[in-house]
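User: I am new to this structure and would like to know what lies behind the terms used to describe it. Please go through them one at a time.

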Amino acid sequence: MVELLLVVGLAVSVFVGYNVGGSTTGPAFGPAVGAGVLSKVAAAALMSVFFFIGAGTLGRRVVDTLGRDLVTRGGVFTLETSIVVLFFIGGALFVGNYYGVPASTSMTAVGAIAGLGVATDSLDWGVMGEIAVWWIVAPIIGFWVSGVIGRYFYPRINQWVAIETSDGPLLELDRSGTVPEPTLGPNTTRREVGGAVVVVAIGCLMAFSSGTSNIANAIAPLVGAGVEMDPMILLGSAAVAVGAFTIARRTLDTLGNDITDLPLTAAIVVAVVSSGIVVGLSAIGIPASFVIIATMSIVGLGWGRATRTVTVGEGIRGGGETNVSVGALKADEPGEEPEGIGEEDPADIPAAADLFNPSTTARIVLLQNVVPLLSTIGALAAFGLLFRFVW
């Protein structure tokens, strides 16, 4: 019976990992795929490798937090309860993936485990409170760091990384020799190649940060039930790879093409800031929501960019005109010499509707809140009934 339950538990864990791969590949490599720098297959391959590296290093600390610290009473995490927890995590994430929305896997997982803890009166409210506080503080940090970058550094960064995409393929294979060698496309510039390398490197950083935080969502309940961590990290990472090569195609389309016309410079800044925060939180064992941090980073970057139209003195006196909008991220054209603070015309700042697709954005915001609620409420209700009438 124990062997059968273990097999079922492993299968459900694989299902969760599969959906983690589907929901996190889009945020990591959507910009690169949308810009035509990577194919979806190449994005999935890079996601698989760097997710595993993150999972095998800092990811262990987050596994300990969710599998051993969040629920205090010994024996609460059994194979049976782990299967139910993983079922609600995977089921809720599948809903988001089905609609092409990269939901917060960390919030979904913590919600399901918290549902178990509340139902059994074994939730460590101190650990839960620490996680919740960081869920509030981290997006604020992302907002302000990106805001400072947007106000003081964004135009210069935009000038450094500006890329004008040329016609034709980025790379070609030279088959004139014995071994085919990659060469630049007929119209490809070295600056364009450099920009493509930066975009791919940022995607790899995001995949690494995803591994540090999200591996726990697939394996923590079983590790808490006594299963060895190392084999579970291998299994969970393999499941993520399968999800990246299959269901992630939906989220790659959503993040790469549908939701936003986010400029390359903004995508790089948002990715670096958000990934840095997630990796930092993973190092102290806190599961973080990359999606929410990245969203606030986009807003903060746009806010900071828009406030460049007024100086600090004018802002204090209430003078000057500011069109505060995330659409400000499109105000700078590649290669333009940046103007000084207070010298820009607010009329040059586009509206937010020029940056975001409103209907797609509304769908994503709605489902990003619904998915964790499905996991939390479902687990709480299920465990309440199971422990009352079955166990």
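**Terms and the values behind them**

Analyst: The protein has 14 helices and two strands as its secondary structure. The model is a predicted one. Of the 391 residues in the protein, 51% are buried. Of the contacts between residues at least 6 apart in sequence, 83% join residues at least 24 apart.

User: What makes H5 roughly antiparallel to H6?

Analyst: The axes of helix H5 (residues 105-119) and helix H6 (residues 125-152) cross at roughly 155° and come within 12 Å. An angle over 145 degrees counts as roughly antiparallel, and therefore H5 is roughly antiparallel to H6. The crossing of H5 and H6 is left-handed. Ser106, Met107, Val110, Ala114 and Val118 of H5 meet Trp125, Met128 and Trp135 of H6. The contact of H5 with H6 has seven nonpolar residues, one polar and no charged.

User: What makes H2 roughly antiparallel to H9?

Analyst: Helix H2 (residues 40-56) and helix H9 (residues 229-245) have axes that cross at roughly 160° and come within 9 Å. The angle is over 145 degrees, so H2 is roughly antiparallel to H9. The crossing of H2 and H9 is right-handed. On the H2 side the contact includes Val41, Phe51 and Phe52, and on the H9 side it includes Ile233, Leu234 and Phe245. The residues of the contact of H2 with H9 are 13 nonpolar, three polar and no charged.

User: Which residues of the largest nonpolar core touch the most other members?

Analyst: They are Phe29, Val63, Leu70, Val85 and Ile219, in a core of 83 residues. H8 supplies the largest share of this core, with 13 residues. Leaving out residues up to four places away in sequence, Ile219 touches Ser13, Val63, Met232, Ile233 and Gly236. Val63 and Ile219 also take part in the contact between H3 and H8.

User: Why does Ser274 count as buried?

Analyst: The relative accessibility of Ser274 is 0%, and buried means under 20%, so Ser274 counts as buried. Ser274 lies in helix H11 (residues 264-283). Apart from neighbours within four places in sequence, Ser274 is in contact with Phe290, Ile293, Ala294 and Ser297. Ser274 and Ala294 are 20 residues apart in sequence, and their C-alpha atoms are 5.4 Å apart in space.

User: How do you know that Ser289 is buried?

Analyst: Ser289 has 6% relative accessibility, which is under the 20% limit, and therefore Ser289 counts as buried. Ser289 lies in the loop between H11 and helix H12 (290-306). Not counting residues up to four places away in sequence, Ser289 touches Ser104, Ser106, Met107 and Trp135. Ser106, Met107 and Trp135 also belong to the contact between H5 and H6.

User: What makes Asp121 exposed?

Analyst: Its relative accessible area is 68%, and exposed means over 50%, so Asp121 is exposed. Asp121 is found in the loop between H5 and H6.

User: What is the phi of Asp121?

Analyst: Asp121 has a positive phi of about 55°, although Asp121 is not a glycine.

How values were computed. Residues numbered from 1 in each chain as written. Predicted model: local features only at pLDDT ≥ 70, side-chain atom pairs only at ≥ 80, totals over all residues. Heavy atoms only, no water. Contact = heavy atoms within 4.5 Å. Helix = DSSP H or I, 4+ residues; strand = E, 2+ residues; numbered from the N terminus. Axes fitted to C-alpha atoms, helices over the stretch in contact; angles between N-to-C directions. Parallel < 35°, antiparallel > 145°, perpendicular 65-115°, else oblique. Left-handed = near helix turned anticlockwise from the far one by under 90°. Nonpolar A, V, L, I, M, F, W, Y, C, P; charged D, E, K, R; others polar. Core = buried A, V, L, I, M, F, W, Y, C linked by side-chain atoms within 4.5 Å. Buried < 20%, exposed > 50% of the residue type's maximum accessible area, 1.4 Å probe, protein only.
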